[in-house]
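Please load the model in your viewer and keep a selection panel open beside it. The tour below goes from one selection to the next and says what is to be found at each stop.

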Amino acid sequence: MKKAVEILEKIQKNFPDKIVKSNMEVCQPFVVIVPEAISEVCAFLKEDEAMAFDSLMCLSGVDYKGSKTEEERLEVVYHLFSVSQRHKFVLKVELVRETPVVPTVEGVWGIANWHEREAYDMFGIRFEGHSDLRRILCPDDWVDYPLRKDYVPPETYQGMPAAASKQFAELAQEGEELGTDPYRAG
Amino acid sequence: MQVEAYAGEEMILNMGPQHPSTHGVLRLELETDGEIVKKVIPHIGYLHRCFEKHAEKIDYLGVIPFCDRMDYIASMNNSLGYALAIEKLLQLEVNQRVQTLRILMAELNRIASHLLSIGTYAMDIGSFTPFLHCFREREKVLDLFEWLCGARLLYNYNWVGGVSHDLPTGFIEKTREFLRQFEPVITEMDKLLSYNKIFIERTANVGIITEKQAFSHNVTGPNLRGSGIRWDLRKEEPYCGYETYNFEIPVGLGKFGSLGSCWDRYYVRVREMEQSIQLILQALDRLPEGDVQETVPKRIKPSKGEIYDRTETPRGELGYYVISDGGLIPFRVKVKSPCFTVLSILPSIAKGAMVADIIAIIGSIDIVMGEIDR
């Protein structure tokens, strides 16, 4: 089982100019990689015998807009685990909000296919080289990316009302007379 | 969907989203050549209830009822995973009574969840009797839960720093009584279903998951153990004191046909129920005194940081990635659900199977759409 610093050293030795920053102080140490190199780094971490990261625990998208402490960006976070060596590591990729593009790691771990589809669906992050990049949770013709911090839900979807209607308590506070009609539309 | 030119022999068949055997609202697009399935494309998202968006609008404690509703069959395990992740962020330790109660409830819920999985699987294959037997036992477990916290399926039980209700008087005796009469039921299940010739013909040698596929697609839980890999987070990365309990991890042995078939996965679940009984008896024996809400914080405000924590639910490894920005409301909660990853392997294991085998495969991987779609 390797310590996080040893894993960082291995990455630094093999990809010296691809690391943006790292943080070994937190309880789950991470390394931020340059977006273009993430696919090679992941493939190396899986194939190398000492590293042997054969399992991608989770691939998440994060939107840091509106955060008081972090700068505004989109991030993809890769949580890696090695079943044989029992060590964990976190890789991160920082992307520009306007054009978030990052190579796919689908070739390294098969599960990345679905995780990346979800990141695309929810954040609009495009994964280069993905075999089937389309929405997974939202309908195929949904517009905009729901988990972004500045997402505004649409008023209607294909003619059906999609925005939340006012709750009865809100209507009552505004002075409307509420009868006992259960089908009253907001 | 792109319309490609087909040879004229294949048929595109839509299985779902309303279908009695797809375990929820799952749409499978099957490309079949007669009875043989050439391609399966799962379409999910019909039960998407925006859990991750809701979690960014309510405070840490308010997320727990939403967690329950993801995998509504094993809610104790869902909220346990979340509560443990937040407690790690807060660096909060709970007392022994809370830890024992959490294991007790998680294992009772594991029994209930496996009973449902086995019962509905048998029903999908075509035999209705095991379904009734399993649900009769499951009702007894749900009665226990209703006595404990008032709810049958969605408990809101595991809070950050404690649990919501202490055991009522007589609960321990009633649980022991239930376990006493439940042990012979598992043997009855073996006689009724496991070694039934028709069941074996339908499920052995169907839907083989190899080790390489399993690790590449992050298959976990009974689906992974059915392929012969002895990996259980309760032993590998124990939480809540699991390391002090005596229990074993059943794995598939390839008794009938190749290793990693539907039968192996089903059999792992039956044997896991036996192990859960052992765990519950040990938990009842050692239940210490204490206040279950002693360490529940008045205000949950973790310092800035992030954590990825995972627990073993009846369906596999459930992971919570929680980012805190130092406020009262989580900044981001991402859930990695075990059924999501195992469903992604369906296109590769269902190639060349017959339509009836697709039913057998979906039932054996034990999916709950609430967890996949969140």
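**Stop 1: chain A as a whole**

Select chain A and colour it by secondary structure: from the N terminus on, its elements run α-β-β-α-β-β-β-β-α-β-β-β-α, which comes to 4 helices and 9 strands, where helices (H or I, at least four residues) and strands (E, at least two) are DSSP runs numbered from the N terminus. The model is a predicted one, in which local features need pLDDT of at least 70 and side-chain atom pairs count only at pLDDT 80 or more, while totals for chains, interfaces and linings use all residues. Residues are numbered from 1 along each chain as its sequence is written, and chains are lettered from A and ligands numbered from 1 in the order in which they are written.

With the C-alpha trace of chain A displayed, its span along the principal axes is about 70 × 35 × 30 Å. A compact globule of 186 residues would have a radius of gyration near 16 Å, but chain A has 22 Å; the radius is taken over C-alpha atoms, and the globule rule is 2.2 Å times the number of residues to the power 0.38. Of the 186 residues of chain A, 34% count as buried, a residue being buried if 20 or more other C-beta atoms, placed from the backbone, lie within 10 Å of its own, exposed if 12 or fewer, and partly exposed in between. Among contacts in chain A between residues at least 6 apart in sequence, 47% join residues at least 24 apart, with two residues in contact if their C-beta atoms, placed from the backbone, lie within 7 Å.

**Stop 2: strand β4 of chain A**

Next select residues 74-81 of chain A, which form strand β4, where 8 of 8 residues are buried. Leu74(A), Val76(A), Tyr78(A) and Leu80(A) lie on one side, Glu75(A), Val77(A), His79(A) and Phe81(A) on the other, and both faces are covered.

Which strands flank β4(A)? Strand β3 (residues 55-63) of chain A runs antiparallel to β4(A) and is joined to it by 8 bridges, and strand β5 (residues 88-95) of chain A, also antiparallel, is joined to β4(A) by 8 bridges; two strands pair if DSSP finds at least two bridges between them. Follow the chain from β4(A) to β5(A) and you trace a hairpin with 6 residues between the strands, in whose turn Arg86(A) has a positive phi of about 65°.

Centre the view on Tyr78(A): leaving aside neighbours within four places in sequence, its contacts are Cys42(A), Leu56(A), Leu59(A), Val90(A) and Leu91(A).

**Stop 3: where the chains meet**

Now show both chains: the contact takes 25 residues from chain A and 27 residues from chain B. On the side of chain A that touches chain B, the elements giving two or more residues are β3 and α3 (112-123) of chain A, and β3(A) gives the most, with 6 residues.

**Stop 4: chain B**

Select chain B, which has 15 helices and 8 strands and whose C-alpha trace spans about 65 × 50 × 35 Å along its principal axes. With 374 residues, a compact globule would have a radius of gyration near 21 Å, and chain B agrees, at 21 Å.

Pick out helix α3 (residues 75-90) of chain B: at 1.5 Å a residue its 16 residues should span 22 Å, and its end C-alpha atoms, 23 Å apart, agree with this, the expected span being 1.5 Å times one less than the number of residues. In α3(B), 14 of the 16 residues are buried, and the helix is followed by Gln91(B), whose phi is positive, near 55°.

Move on to strand β8 (residues 332-336) of chain B, where 5 of 5 residues are buried. Strand β7 (residues 316-324) of chain B runs antiparallel to β8(B), with 5 bridges joining them, and Val322(B) stands opposite Val333(B).

Finish at Leu346(B), in helix α13 (residues 346-349) of chain B, which counts as buried because it has 21 C-beta neighbours inside 10 Å. Leaving aside neighbours within four places in sequence, Leu346(B) is in contact with Val40(B), Pro42(B) and Ile361(B).
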